[in-house]
Amino acid sequence: MDYGWIMIVPVLGGALAGAAMLIWWERRLLGFWQDRLGPNRVGPFGLLQIVADIVKLFTKDDWVPPFADRVVFILAPTAIMAGMLMAFAVVPFGPGLHVIDLNIGLLFFLAMISLAVYGVLLGGLSSNNKYSLLGGLRSAAQMVTYEVFMGLSIMGVVLLTGSFNMSEIVRAQEDVWFVVPQILGFFVFLLAGIAESHRLPFDLPEAEHELAGGFHTEYSGMKFGLIMVGEYLGVILVSAMITTLFFGGWLAPGFLPPISILGPELEGVFWFSLKTTFFVCFFVLLRAGIPRPRYDQLMSLGWKILLPITLINLLATGAIALFIAEGG
Amino acid sequence: MAALAEIPTPPVVAELERRFGPEIQYQYTVDGIPTLWVSRDQLVDVMRQLKPDYPMLFDISAIDERVREHREGQPSSDFTVFYHLISFERNEDLRIKVALAESDANIPSITSVWPAANWYEREAYDMFGVNFSDHPNLYRILTPPLWEGHPLTKDHPARATEMDPFRMNDEILDAQQEELRFVPEEWGMSKKAKHTDFMFLNLGPNHPSVHGVFRIALQLDGEVVVDAVPDIGYHHRGAEKMGERQSWHTYIPYTDRIDYLGGVMNNLPYVMAVEKMAGIEVPDRAKMIRIMMAEFFRISSHLLFFGTYAQDVGQMSPVFYMFVDRERLFTIIEAITGGRMHPMWFRIGGVMQDLPDGWDTMVRDFLDYLPARLDHYDKMTTTNSILKKRSIGVGQYSTAEAIEWGVTGPGLRATGCDWDLRKKRPYSGYDQLEFDIPTANNGDVYDRCLVRIEEIRQSLRIIRQCLDNMPSGPYKAFHPQTTPPLRERTMEDIETLIQHFLNVSWGPVIPPSECCTMIEATKGWNSYYLISDGGTMSYRTRIRTPSFPHLQMIPLISRGFFVADLIAILASIDFVMADVDR
């Protein structure tokens with residue numbers, strides 16, 4: 001069954017609500033891990049903190065620096081948000097639960113997430129501030145590096161499935177999740193995903209301790225809010241993609257009986273959300289635990305280690321796929 | 001003066017007189033540092049010859065002698081410039097003084113001998129108007145460029161109420177703005193090289209990683225630091241000038257705020273200097289309490305260093321754990337002193353009050369609690385491979401360079417030099433305690449961190465010994481200059497009551513003398529050079545802080561590294577701007 005365009009409403013609402021929730025969730029989780037409380041004052045468990053934050057962001061002076069390139073400056077946060085949200089269109093949340101079932105779903109995802117990085121780059125350049133410029137330059141370098149093997153790392157999955165279609169990728173994992181045959185691809189995609197959503201430890205375009213916010217130094221008010229929500233959307237998106245590509249998407253672990261009261265679709269959403277939440281928490285844990293490598297170290301990690309690994313992975317997967325195809 | 005004649009002149013004086021002729025005049029000071037008056041023309045030559053024996057230039061500043069009454073046995077002088085040198089081999093200090101007339105306040109610069117003299121001479125110029133000829137860039141360093149007058153001269157007002165109200169009009173504003181315009185050439189940086197145009201980045205005075213109001217002008221080639229020129233003075237509060245307006249007793253709270261993470265550790269060199277001038281012998285219990293409290297603040301300061309250091313290389317969590325530990329520490333400090341970060345608790349002749357009931361349980365609990373946490377931090381931070389890659393080999397300097405630039409404290413010990421004043425020149429009873437001096441070999445960012453972490457462990461060891469062996473007895477000396485005198489006695493006899501009344505209303509009168517005491521503070525060697533003219537207030541208070549020379553070294557150790565490395569280097573120096581600008 002294909003719900004098609006109706007799905008836009010829950011996906012859009014769910015993604016935005018999830019990103020907003022994540023702002024609170026991350027702060028609570030970090031607080032828990034860091035011997036402190038985190039926001040717990042507004043509403044039950046501090047849940048209404050999100051509302052307070054949104055009210056604050058909307059009422060802040062939305063300042064555009066007179067020295068900035070006005071049009072691009074305003075467009076950049078929009079590009080980040082738009083890119084991230086568009087990418088959600090191809091994510092299958094359950095069997096048949098997706099906005100659009102593109103045959104080139106995976107390529108669409110790659111294209112959209114690159115668009116979001118453009119937002120970072122343009123935001124940094126248009127601010128006309130030296131810290132932002134350095135942030136923009138770093139994001140450009142990071143984009144060029146990590147786009148390359150983000151694409152390459154998932155080609156193993158495509159080879160095994162024989163399709164770019166997300167739903168088919170999930171169905172192809174009914175026997176075994178792709179994390180087993182594609183363990184290398186998974187690790188590379190995970191690293192590239194962190195870099196794409198520029199979260200610690202790969203938050204070099206921001207690097208608040210060096211560049212004082214980097215590409216978004218000059219942003220304030222809701223434009224900053226868009227950038228922040230865009231970042232959290234990115235976290236959810238990358239987690240969702242890891243789930244879809246390597247951890248069987250909506251599929252329940254094979255040894256468990258189906259949860260009959262939910263029905264296949266809701267059960268799919270349940271498992272999908274559970275897995276995605278796990279990876280979101282993993283992202284937060286990474287932020288809590290790991291220091292930031294230097295810019296050149298990140299680049300050499302990318303080009304000297306990750307790229308060869310990806311290529312070897314692709315070569316080996318291709319050879320095995322060919323062998324099976326020949327033999328079968 | 002009869003007593004003076006009995007004190008033998010140090011042997012080094014005779015040696016120097018032989019080398020430089022009879023013009024050299026010896027002056028006695030109570031701190032026992034040989035003090036020699038040298039003529040202006042001889043200065044550079046003398047310094048050059050002294051340098052092999054006394055490799056560290058510890059301090060340079062000046063004294064405005066124009067209204068000083070007690071100058072028996074000293075050559076006539078309006079402005080005296082003094083140089084404090086340290087020999088590591090002999091474990092000896094030497095103070096060189098040069099007399100200058102008001103009409104001709106010129107003196108040759110010794111930057112050609114010690115490059116580290118640069119900032120000190122700029123400060124002396126800024127504060128006293130002494131002109132150092134041949135100085136490469138003799139600009140104001142602590143006060144703004146358009147400041148009128150030289151603050152530490154005796155005719156400069158000490159309080160705003162002594163001046164006309166300040167008014168900012170357009171003309172002043174424009175002049176100030178124009179003065180702030182950044183011209184790279186004025187900072188000694190060129191705009192372009194053969195193949196590149198450089199970018200100039202203004203790091204600070206408000207930047208999250210410069211630990212206060214500190215500005216560095218960066219000349220960048222891409223993200224590589226070509227040159228870095230530090231600009232200080234944003235935190236200058238005139239602490240030395242305030243010393244001339246506060247009684248010996250009421251100046252103690254100001255010392256807390258010099259290295260504002262050092263708490264009572266800052267009181268220690270000051271009260272020790274005053275006690276030496278007054279001839280007060282501090283009872284053992286007070287000494288031990290002082291050591292214990294000072295070591296508590298060393299731990300607190302090092303914990304903050306550790307946390308912010310991890311944060312500056314991008315690790316988010318450690319600083320929160322360390323603030324939890326500091327909170328426990330402050331609970332103990334609060335229970336003992338009543339204050340937290342600035343308890344201003346040491347007194348001339350002892351400490352403010354005795355230790356409260358139950359202090360030992362609190363201290364013991366903390367001693368049992370912290371080591372496990374430190375082991376945990378090792379796992380989390382110091383053994384982390386990303387952090388190691390960020391810090392090993394970055395911002396490296398050798399022992400020779402450290403001594404040349406006046407680097408002291410953990411920054412010196414990270415180069416393999418085991419100089420710790422607590423061991424080499426034990427003060428306040430440190431010779432009674434067992435502890436090791438942690439050192440490292442490479443002198444890079446990582447080693448400076450390791451040394452500090454090990455120092456925390458050694459401080460815990462010291463505190464445990466204080467806890468187990470705390471002597472009984474009074475917490476304050478029975479001496480008329482002890483301020484305020486022991487409370488129990490003021491209630492019993494009229495003499496002490498009068499003494500109390502005089503000392504807290506008028507202030508203790510310290511006999512005319514000069515004294516410099518230095519301690520191993522949290523960030524390096526901190527010294528107070530006090531001059532009394534026989535009054536209730538100091539005639540001159542010179543505060544030598546460790547962070548000041550450390551920052552001067554930044555260009556040297558950060559050239560060729562990335563901006564991100566510079567942040568790690570700044571973190572590893574462990575400075576607070578109040579300690580730099582005073």
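Predicted model: local features only at pLDDT ≥ 70, side-chain atom pairs only at ≥ 80, totals over all residues.
Chain B contains 22 helices and 15 strands, and its C-alpha atoms fill a box of roughly 80 × 65 × 55 Å along the principal axes. A compact globule of 582 residues would have a radius of gyration near 25 Å, and the 24 Å of chain B agrees with this value. Buried residues account for 49% of the 582 residues in chain B. Among the contacts of chain B that join residues at least 6 apart in sequence, 68% link residues at least 24 apart.

The domain assignment divides out two regions of chain B, namely domain 1 (2–153) and domain 2 (261–546), with C-alpha centres that lie 29 Å apart. The contact between these domains takes 17 residues from domain 1 of chain B and 21 residues from domain 2 of chain B. On the side of domain 1 of chain B that touches domain 2 of chain B, nine residues are nonpolar, four are polar and four are charged.

Contacts also run between the chains, where 23 residues of chain A meet 27 residues of chain B. On the chain A side, helix 5 (130–153), helix 9 (208–211), helix 11 (263–289) and helix 12 (295–327) each supply at least two residues. The residues of chain A that form this side comprise 10 nonpolar, four polar and nine charged. Helix 11 of chain A also holds A:Leu274, a residue that is exposed because 11 other C-beta atoms lie within 10 Å, a number inside the limit of 12 or fewer for exposed residues. The C-alpha atom of A:Leu274 is separated by 18 Å from that of A:Val176, and these two residues are 98 residues apart along the chain.

The largest nonpolar core has 239 residues, of which A:Ile236, B:Val81, B:Leu85, B:Val130 and B:Val274 touch the most other members. The largest share of this core, 16 residues, comes from helix 9 (residues 284–312) of chain B, while domain 1 (2–153) and domain 2 (261–546) of chain B each contribute at least three residues. When residues up to four places away in sequence are not counted, B:Val130 touches B:Ala62, B:Phe79, B:Val81, B:Leu100, B:Ala105, B:Ile107, B:Ala124 and B:Tyr125.

Strand 5 (residues 92–100) of chain B pairs with strand 2 (residues 35–37) of chain B in the parallel sense over three bridges, and within this pairing B:Trp37 stands opposite B:Lys97. Strand 5 of chain B also pairs with strand 4 (residues 79–87) of chain B, here in the antiparallel sense and over nine bridges, with B:His84 having B:Arg95 as its bridge partner. Four residues lie between the strands in the hairpin of strand 4 and strand 5 of chain B, where B:Asn91 takes a positive phi near 55°. A further antiparallel pairing joins strand 9 (residues 215–221) and strand 10 (residues 224–231) of chain B over seven bridges, and B:Gln219 stands opposite B:Asp227 of strand 10. The hairpin of strand 9 and strand 10 of chain B has two residues between the strands, and B:Gly222 takes a positive phi near 70° there.

Most residues other than glycine have a negative phi, and most peptide bonds are trans. B:His211, which is not a glycine, has a positive phi of about 55° and lies in the loop between strand 8 (199–203) and strand 9 of chain B. B:His211 counts as buried because 21 C-beta neighbours lie inside 10 Å, where the burial limit is 20 or more. B:Ser428 likewise has a positive phi, near 55°, in a residue other than glycine, and is found in the loop between helix 15 (421–424) and helix 16 of chain B. With 20 other C-beta atoms within 10 Å, B:Ser428 is also buried. A cis peptide bond, with omega about -20°, joins B:Thr483 and B:Pro484; B:Pro484 has its place in the loop between helix 16 (445–468) and helix 17 (487–490) of chain B.

Conventions:
Residues numbered from 1 in each chain as written. Chains lettered and ligands numbered in written order. Domains from an automatic or database assignment. Contact = placed C-beta atoms within 7 Å. Nonpolar A, V, L, I, M, F, W, Y, C, P; charged D, E, K, R; others polar. Rg over C-alpha atoms; globule rule 2.2 N^0.38 Å. Pairing = 2+ DSSP bridges. Core = buried A, V, L, I, M, F, W, Y, C linked by C-beta atoms within 7 Å.
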